[in-house]
Amino acid sequence: MTGRSSFADKIAVFHPGTQHSWQTALALQQLGRLQFYATSIFYQPDRWPYRIERMMPSPIREKVHYEFRRFSNPALDTNLVKTVGVSEWIERLAHRAGFRQLSRRIDQFGNARFAELLKSEMESSRSFDLWGYSSSSVHAFRAAKAAGRACILDRTIGDGREHNRIMDDLHETYPEFFSDSSFRIPADRIERDDEEYSLADVILTGSPFAADSVRKHASDGSVGDRLRVLNYCFDERLFGGFNRAEDTPRSGPVRFLFLGQAGVRKGIHLVLKVFEKIPRELASVQIVGDMLVPKAIFSKYSERVSYQPTVPRADVPSIMRNADVLIFPSYFEGSALVLLEAMASGLALIQSKNAGVAVTPETGIMLPELTEEALQSAVMEVISNRERLASFKANAQREAQKYTFARYRSSIESLLE
């Protein structure tokens with residue numbers, strides 16, 4: 001199969017969850033090309049399951065309303081939004097309760113059910129093509145191809161075989177930091193991903209690292225001809241809406257921030273080991289996110305770091321506002337949005353090349369390798385050179401303007417034409 005040179009006038013976007021699918025749908029809506037946006041989670045007060053908040057006691061209702069509002073976007077035309085099923089909510093509850101294998105099974109069931117409910121749309125006579133997301137599109141793509149529709153696969157993460165290779169090596173080196181043995185992506189999911197590659201007319205990734213991993217491992221030899229890198233954008237409603245004053249500390253501790261799932265894949269073991277060696281008077285580090293390191297291991301480092309579990313997304317900008325440097329030594333990503341959000345918030349970056357597209361020599365440090373030594377060297381560089389740190393921070397918000405929604409929309413327009 002070869003990549004399409006053009007697509008239908010209308011594009012249907014579907015995602016059983018969220019990720020950046022609402023931004024894709026909004027871009028297409030503003031271009032006049034959105035057929036519909038189908039998702040399991042989109043806040044519409046008059047529809048199920050959101051109506052249940054009306055029946056709840058006041059304190060609980062306020063919390064539930066806050067959670068629901070995380071999945072709203074007033075700019076999207078609700079007449080173009082289709083909400084399908086509630087399995088995503090059940091999956092999220094199972095994941096938060098710690099039942100990760102159950103969560104994965106619900107995810108697989110939900111994706112299949114989601115595609116089944118969309119089948120009537122695929123079989124309609126309306127002219128539109130399909131935009132789906134990684135590891136959740138195979139069933140819908142099958143129906144779309146049977147109906148003669150083109151398929152765009154938005155691959156939001158690298159290939160699972162590259163993930164397993166990296167994680168196998170890390171398990172050999174840092175076994176104590178793994179919370180369980182089920183860190184590998186299962187073979188059946190990789191098989192479904194391979195089928196998605198084959199069904200897609202175009203495969204989009206957020207970074208060269210993710211694209212290279214797909215090119216390297218895909219069973220379909222024609223994948224390379226259909227791969228494109230499409231830069232993501234940050235949410236301008238939340239990030240970048242303030243002017244970062246000159247607040248780089250000229251003495252005392254530099255404020256480092258790690259944000260996201262705090263597990264080995266993201267390099268949290270490197271962060272813990274490095275900051276264990278750095279005196280408190282030189283640096284503080286805050287970790288915000290789901291802690292995936294065993295409690296007994298994390299406790300050895302907990303006094304050196306400030307830890308906060310996962311917070312509502314609306315709280316993230318204020319957390320970033322009180323930091324100097326985002327530290328993100330991830331081993332495996334698609335392209336981490338947190339990097340763009342941090343730049344928009346005026347933070348310097350220390351990141352790995354595997355983490356995604358963001359840092360430049362003017363905004364931070366790209367780690368030459370993922371080792372404790374390389375990370376410590378980068379950390380000490382920004383601690384010891386406050387002028388350089390201040391320059392990184394001053395340049396970050398300007399660099400973030402390359403990743404606005406308008407840029408993202410323009411890239412989609414170019415892709416489709």
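Hi everyone, let's start with a pair of helices: helix 6, residues 160-173, and helix 8, residues 208-217, pack at an angle of about 100°, and their axes are 8 Å apart. The axes here are lines fitted to C-alpha atoms, for helices over the stretch in contact, with angles running from 0 to 180 degrees between N-to-C directions. Helix 6 and helix 8 are therefore roughly perpendicular to each other; on this scale under 35 degrees is roughly parallel, over 145 roughly antiparallel, 65 to 115 roughly perpendicular, and the rest oblique.

Which residues make the contact? On the helix 6 side they are Arg161, Glu162, Arg165 and Ile166, and on the helix 8 side Phe209, Ser213, Lys216 and His217. Contact means heavy atoms within 4.5 Å. By type, the residues of this contact divide into 2 nonpolar, 2 polar and 4 charged.

A quick word on what you are looking at. This is a predicted model, in which local features need pLDDT of at least 70 and side-chain atom pairs count only at pLDDT 80 or more, while totals for chains, interfaces and linings use all residues. Residues are numbered from 1 along each chain as its sequence is written, and side-chain values use heavy atoms, with hydrogens and water left out.

Now the whole chain. The protein chain has 16 helices and 13 strands; these are DSSP runs numbered from the N terminus, helices being H or I with at least four residues and strands E with at least two. Of its 417 residues, 56% count as buried. Buried means under 20% relative accessible area, exposed over 50%, and partly exposed in between, using a 1.4 Å probe and protein chains only. Of the contacts between residues at least 6 apart in sequence, 71% join residues at least 24 apart. The accessible surface comes to about 18,100 Å², and 50% of that belongs to carbon and sulfur atoms. Those areas come from the Shrake-Rupley method with a 1.4 Å probe, and for residues only the protein chains shown count as cover.

On to salt bridges. How many are there? The count comes to 24 salt bridges, each being a side-chain nitrogen of Lys or Arg within 4 Å of a carboxyl oxygen of Asp or Glu. Are the two partners buried or exposed? Lysine 216 counts as exposed, at 52% relative accessibility, whereas glutamate 162 is buried, at 7%.

Another salt bridge joins aspartate 235 and arginine 237, at 3.1 Å from N to O. Aspartate 235 is buried, with 5% relative accessibility.

Then there is arginine 313 with glutamate 341, whose closest N and O atoms are 2.5 Å apart. Arginine 313 sits in the loop between strand 10 (306-308) and helix 12 (316-321), and glutamate 341 in helix 13 (residues 337-344), so the pair ties together parts 28 residues apart in sequence. Arginine 313 is partly exposed at 33%, while glutamate 341 is buried at 4%. Salt bridges that share partners also join Glu162, Arg165, Asp169 and Lys216 into one network.

Let's stay with helix 13. It is mostly covered, as 7 of its 8 residues are buried. Among those buried are Val338, Leu339 and Glu341. What do they pack against? The buried residues of helix 13 pack against strand 8 (254-259), helix 12, strand 11 (325-328), strand 12 (348-351) and helix 15 (386-400). After helix 13 comes glycine 346, with a positive phi near 80°.

Most residues other than glycine have a negative phi. Serine 135, however, is not a glycine and has a positive phi of about 65°. You will find serine 135 in the loop between strand 4 (129-133) and helix 5 (138-146), buried at 17% relative accessible area.

Last stop, helix 1 (residues 21-30), which holds threonine 24. Threonine 24 is buried, at 0% relative accessibility. Leaving aside neighbours within four places in sequence, threonine 24 is in contact with Val13, Trp131, Tyr133, Asp154, Tyr408 and Ile412.

Conventions: Ala, Val, Leu, Ile, Met, Phe, Trp, Tyr, Cys and Pro count as nonpolar, Asp, Glu, Lys and Arg as charged, and the others, Gly among them, as polar.
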